[in-house]
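Visitor: I have a two-chain model open and would like to walk through it. Can we start with how far to trust it?

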Amino acid sequence: MRRLITPFNLVGLLLLVASLFVREWVSRPPTSPTPPPLQLELVQPLPVTLYFSNDKVDGFVKENRTVSVEGKSPGKLAQAALVAWARGPLNGKGLRDVPQGSAVPDVWVRGVHFYVNLPTSYTQFNYGVSGERMVICSLTRTLLEQSGKDVLFLVGSQSSPTLLGHMDLTRPYTKADCAD
Amino acid sequence: MNLRADLRLRAALLAALLLLGVAGAQYAYSKLMLGGQETQAIVLGGAEYAAQGTLSGVVQVSRQDPYVVVQGLGHELILPIDQDAERAATTFNTVQLDNTRLNARTATLVNGELYLPLDTLARGLGADYKTGAFSLPAAALTNVSSRAGKDTDRIVLDFSRDPQYAVNVVGNTLTLILKGVNANPQTYATRGAFVPSFTVTSASGNARLGLTLGSGAGYRLFKVVRPGSVRLVLDIGPGLPRNVAALTDAPRAPLIVLDPAPKGGGSLDIPLEVARATGELLSKSGWQVKLTRSAAGRLPIAEREKLARQSQVFVTLSLGRFPGANRQGITLYQPVGEQNAQVINAYRDAANVSPLISAAVGDGGETKRLSELLLGELGARGLKAGAQPVPRLYLAGQAPHAAFELELGWPQNAGDLANLITPQRTGKVADALALSVATFLKARAANLSGSGQ
């Protein structure tokens, strides 16, 4: 009669047990990840300087305003400034650059460059050259007031040579392009 | 003993051969005055040779093994290249000077570089040469003659040697520039119907022949090279096609583009009314005018850009509008700063390089001159207008010549609106604009061509 307990059989048995254990271990359902704790950024008031047109549409009127910004990222601060810009001046000195109720342009920040997406509704404004320049330049001056180098404008999320046919949008605007 | 003698003999032979080899390649450097500039030559077999690179400023040397062809001063020489420098420096070689074959020194290679004998070159080119000095004969206009023809008139210019020349046609003036040519300034009269007279002037070492091309007249210029003289023949007349660069003809048929902005609200289309009235006045006077908008609609922006680039005068006509603005009157917006078309920036300040450049891209003063004319004309009609410089105007930034935007008024202002809608006001603005554009273009054409249209 052959022996049952041999070294070979013992090794085989150990391998069988080990493989069963591994099979059972890999078949276990993964543990559910725990969601990260929700951290709401602090909404805080920050000062911004907004630019509007004077009543002759040939110069700017500055207005200092405090806007509520969630966090301190430049993108959120710029977007908050544009929301305030679209609402128009509050102290009654300047003229709003876009009609009341107009959509607010979107803005992104990449390093020192601002990218502003003007809504397609802005192409219906029918302004003259002074009006179009005022829209472009009041936005540029508002965004570049604190930091940044230039502002590139898109129209309806696409690059466009001009907004109303008067001003050149092919290159970014700097403060020097919008001097008083 | 015999072996020692044999060795001595061999050593002596070897030394003699070495000495012969060294002697064969021997040459000495010498100073050479070539066309007034000091340079270097080598002396081979008692004759001076100059390298191909040294001569390249004087003549065109092209190596076509086993020959070298030398062209210049109205002559063509063909010299065989003899790799044996000693043999090349003898006068037993056959060379071809224009149509004549004769025995003279020929070209050779020294250390792989091509050298040419100066005495042979001087003989073939008609230059003055003595050891150490190779001077070119002064190019001079030796004779001027003309002949009247049925369809063309002919002017014949004889020179002492082949001159460098260039033709420049701007507007209706043809200028033949003869570089480095001595000529007596004189006005010549001909019996021809197409070129009754022409002038030869001399300035800064160059001679210039100037004449006026008649209406529809073309020209043809060709050179006749003969041994000892070179002749330029200029035919002018309506029998020849006017194959001049389109750019040079641009001032003769300038394109005026009027770009009326959309009318916006209101029943009257004031920008279009003014553009039409201006265009009509200019067209009646023979000017070429295009409008970018009709009652049916406005051209796409790409088409307007194209017209702006082709224009000599580009004017956008618009109305001022802005919510709540308290403004009135006419404003002229002049583009300032860099243009958005980079080609214009590149050539704007390069007008002195070629007259063609100023025909293609005007200097920044064109807009200013036209603006001043227009403001003056408006003022003369009792219309007060202001000027405002604006950077980054789009279509005006594409225009290579005079371009601006004219804001005709502010309809939201009651006073302005009352004026704007009157036909008298439209007529006055159109008159002023048409007159100033025509005056500007006439002056510009006269400046570019040196004569009136």
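Guide: One term first: pLDDT is the predictor's confidence in each residue, from 0 to 100. This is a predicted model, and the predictor gives the complex an ipTM of 0.77 and a pTM of 0.62.

Visitor: What is the mean pLDDT of chain B?

Guide: The mean for chain B is 85, and 88% of its residues reach 70 or more.

Visitor: Which elements of chain B have the lowest and the highest mean pLDDT?

Guide: The lowest mean, 56, belongs to helix 1 (residues 2-24) of chain B, and the highest, 95, to strand 27 (residues 313-318) of chain B. Over residues 18-24 of chain B the pLDDT is below 50, and beyond near neighbours in sequence that stretch has 1 contact in the model.

Visitor: Changing topic. What is chain A made of?

Guide: Chain A has 3 helices and 5 strands. Starting at the N terminus, the order is α-β-β-α-β-β-α-β.

Visitor: How much of chain A is buried?

Guide: Of its 180 residues, 34% count as buried. As for contacts in chain A between residues at least 6 apart in sequence, 61% of them join residues at least 24 apart.

Visitor: Now Val224(B). Where is it?

Guide: Val224(B) sits in strand 21 (residues 218-226) of chain B.

Visitor: Is Val224(B) buried or exposed, and why?

Guide: Val224(B) is exposed, because it has 12 other C-beta atoms within 10 Å, and the cut-off for exposed is 12 or fewer.

Visitor: What is it in contact with?

Guide: Leaving aside neighbours within four places in sequence, Val224(B) is in contact with Arg231(B) and Val233(B). Gly74(B) is 150 residues away from Val224(B) in sequence, with 8.6 Å between their C-alpha atoms.

Visitor: Last one, Gly45(B). Where does it lie?

Guide: Gly45(B) is in the loop between strand 2 (37-44) and strand 3 (47-51) of chain B. Gly45(B) has 17 other C-beta atoms within 10 Å, so it counts as partly exposed.

Visitor: Which residues does Gly45(B) contact?

Guide: Apart from neighbours within four places in sequence, Gly45(B) is in contact with Glu86(B), Ala89(B) and Thr90(B). Ala88(B) is 43 residues from Gly45(B) in sequence and 8.8 Å from it in space, C-alpha to C-alpha.

Terms used. Residues numbered from 1 in each chain as written. Chains lettered and ligands numbered in written order. Predicted model: local features only at pLDDT ≥ 70, side-chain atom pairs only at ≥ 80, totals over all residues. Helix = DSSP H or I, 4+ residues; strand = E, 2+ residues; numbered from the N terminus. Buried ≥ 20, exposed ≤ 12 C-beta atoms within 10 Å, placed from the backbone. Contact = placed C-beta atoms within 7 Å.
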